[in-house]
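Subject: Structure handover

Dear colleague,

Please find the structure below, with its sequence. My notes on what was found follow it.

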Amino acid sequence: MKRTAVAASAAVLLVPLSACGGSAEAGSGSTVTVTVGYQSKTINTVTAGTLLRSLDSFERQLNSLHDGHTYKVDWQDYATGAPITAQMTAGKIDIGSMGDFPLLLNAARGKQLGRPTRLVSVTGYNLRGGLNTVVTGPGSKLTSLQDLKGKKVSTSVGSAADGTLVRALQRAGIDPDKGISKLNQQPAVGASALSSGGVDALSQFVAWPGLLAYQGKAKALYDGAQLNLPTFHGVTAREDFAKQHPAVLEAFLKAQAEATDYLNAHPVAATEKVAKATGLPAEVVYLYNGAHGIATFDPAVKPQLVSALKQDVSVLKAAKLTGDIDVDSFVDDRYVKKALGASYARHLATRPAPAASEVWPKGSEKTVSFKSPKELLTYLAGHQSGIRAAYVPDPTTGTLWFADRAVWVADGDQLLPFVTPATAQAYVTAHGGARTVSYREALGRAS
C-alpha cells in the first residue's frame, strides 16, 4: 500500500476551511483513503503511530473488512499535535494522536469550527506525570525549581510539558507568567537553545528530556512525577469520520490493541523497531517504552485519565488558550470498547508494572531486572564493558532514569538513585547520615 509521510510545517496551520473535504471519501470508485496523523518521535504514541505503522497492523485489519472497498492509509508525521489538529479541523486528517493538553485544544478547535472530534483511546500514560521533565544544561548550577525565578525557560505553549511547568512553578510559589521569561519554542529549537546557552532550562515532553540527558547535553531539574497528576497521550478522531466509517475506526483501534500487545510482550524488539523508524537511540526509547519504562501502554480510557483531563482545562483557560471544554462529551470510548470486547473491563483495571532496576546487556534481546538499585550497581561493577544501558527508578516518584545520570544517595547500606538534585536533597535532609555520592563512588560501594 502506498504510504505518504508529510513533514510538519507552519503552513498547515493556515489551511482554509474552504479546502475541507473528508479524506476517507478521497479516491475513485471503491477506493477509500484513511489519513492518520501521528508524531513519530513522541514515542509514547507509538501504538497509534510509529510501531503500529511498522507492524502493518492497521492495513491488515482494513483488508479483513471485506466490505467491497479497497483501503489505502496515508500516514502523516508531525512534530507536535497542533498541526494535526489544524488538518483534522480542515477535514484532511481522520485519526490523530497527541498529548492531553493538545487533545483539549483539539476538542475546543473542533467545536469552534463545527468539526467536532472525539477522544477514542489512550496510547501511553504515566499516573504521576513522569512523561514531562524540566532539564538544564549539564554544567548548570541550578538545583531546584526555585532557582528558575527570573530565568529563561523554553517550552511549547499549550503542550503537556508547558502544563507541567506552569503547575510546578505555582507549587514553588513562582508566578508562571511573570516569575520567569518563557520562550514558546518547538522541542528541537528549545533543545538547541539549551545547548547554546540561549535559555537556562527546557520543559519538554517525551522523548526530549531523556534524549538530552542520554547525550550528555542536559540534566534533570524537575521530575514531572513530583506533581502526582496523571499525564497521557491519546487518539482522537473526527466525529463525522467515526459516524460514516465506524468499522474503519474499529479496525484502527483493533490494530492499536495489537501493537500494544506486541510492545508489552516484546519491549526490546518494539524498542528497536521504533528506534529504527525514528532515528532515536534505542536506549532512550526503552527508558520510556520498556518493560518498566516511564510510560504504560493501554488503549482503555481510564477514569483517572479523564479526571486529569478535566483538571487540565483550567491551566489552558488561565493561559487564554481556550474557554470551557466539555470533556465528558469529548470522550467517546464506545469504539474502543467494541474493539477490545470482553477484555475492556480487564484493561480498565490494569495497573502500571511496578518500578524496577534494569540492565540492557550489549548484544542481548532481553534485559536483566534487579530487586534493588544496589544489586544493579553490583552487576554493573563487574560488567562495565558489556552494558548497553542501565535504568533505575527514583524511590520517591518511581520515574525510571539512566543509572549514570541519576543523583545517588548513600544511606547506610542503601544506595538510592534520584532523578533530580532536589528530590535527592529532600531525602538527605529527612534521613540523618544520608549523603549524596557520585555515580563512580556508588559503583565502588556496590562492588
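Helix α9 (residues 246-265) and helix α10 (residues 267-278) pack with their axes 5 Å apart and at an angle of about 115°. The axes are lines fitted to C-alpha atoms, for helices over the stretch in contact, and the angles run from 0 to 180 degrees between N-to-C directions. Helices (H or I, at least four residues) and strands (E, at least two) are DSSP runs numbered from the N terminus. On the α9 side the contact (heavy atoms within 4.5 Å) is made by Tyr262, Leu263, Asn264 and Ala265, which meet Pro267, Ala269, Ala270 and Lys273 in α10. By class, this contact of α9 with α10 has six nonpolar residues, one polar and one charged. Ala, Val, Leu, Ile, Met, Phe, Trp, Tyr, Cys and Pro count as nonpolar, Asp, Glu, Lys and Arg as charged, and the others, Gly among them, as polar.

On provenance: this is a predicted model, in which local features need pLDDT of at least 70 and side-chain atom pairs count only at pLDDT 80 or more, while totals for chains, interfaces and linings use all residues. Residues are numbered from 1 along each chain as its sequence is written, and side-chain values use heavy atoms, with hydrogens and water left out.

Next, the sheet. It is open and mixed, with six strands in the order β2-β1-β3-β10-β4-β11. Its edge strands, β2 (70-77) and β11 (296-297), each pair on one side only. Two strands pair if DSSP finds at least two bridges between them. Strand β3 (residues 95-99) runs parallel to strand β1 (residues 31-38), with two bridges between them. Glycine 37 has glycine 96 in β3 as its bridge partner, and valine 36 stands opposite isoleucine 95 in β3. Towards strand β10 (residues 231-238), β3 is antiparallel and joined by five bridges; there, methionine 98 has glycine 234 as its bridge partner. Five of the five residues of β3 are buried (under 20% relative accessible area; exposed is over 50%, partly exposed in between; 1.4 Å probe, protein chains only).

The structure holds nine aromatic pairs. Rings of Phe, Tyr and Trp (its six-membered ring) pair if their centres lie within 6.5 Å; planes under 30 degrees apart count as stacked, over 60 as edge-to-face and the rest as tilted. Phenylalanine 58 and phenylalanine 252 form an edge-to-face pair, because their ring planes are at 85°, with the centres 5.1 Å apart. Phenylalanine 58 is in helix α2 (residues 57-63) and phenylalanine 252 in helix α9, 194 residues apart. Phenylalanine 58 is buried at 0% relative accessibility, and phenylalanine 252 at 1%.

Tyrosine 391 and phenylalanine 402 make a tilted pair, with centres 5.6 Å apart and planes at 35°. Tyrosine 391 lies in strand β14 (residues 387-393) and phenylalanine 402 in strand β15 (residues 400-402), so this pair ties together parts that are 11 residues apart in sequence. Ring pairs also link Tyr214, Tyr286, Trp360, Tyr391, Trp401 and Phe402 into a cluster. Arginine 388 lies over the face of tryptophan 360, at 4.2 Å from the ring centre (the rule is NZ of Lys or CZ of Arg within 6 Å of the ring centre and within 35 degrees of the ring normal).

Last, leucine 309, in helix α12 (residues 303-318), is buried at 0% relative accessibility. Not counting residues up to four places away in sequence, leucine 309 touches Asp100, Leu104, Leu119, Phe232, Val327 and Phe330.

Regards
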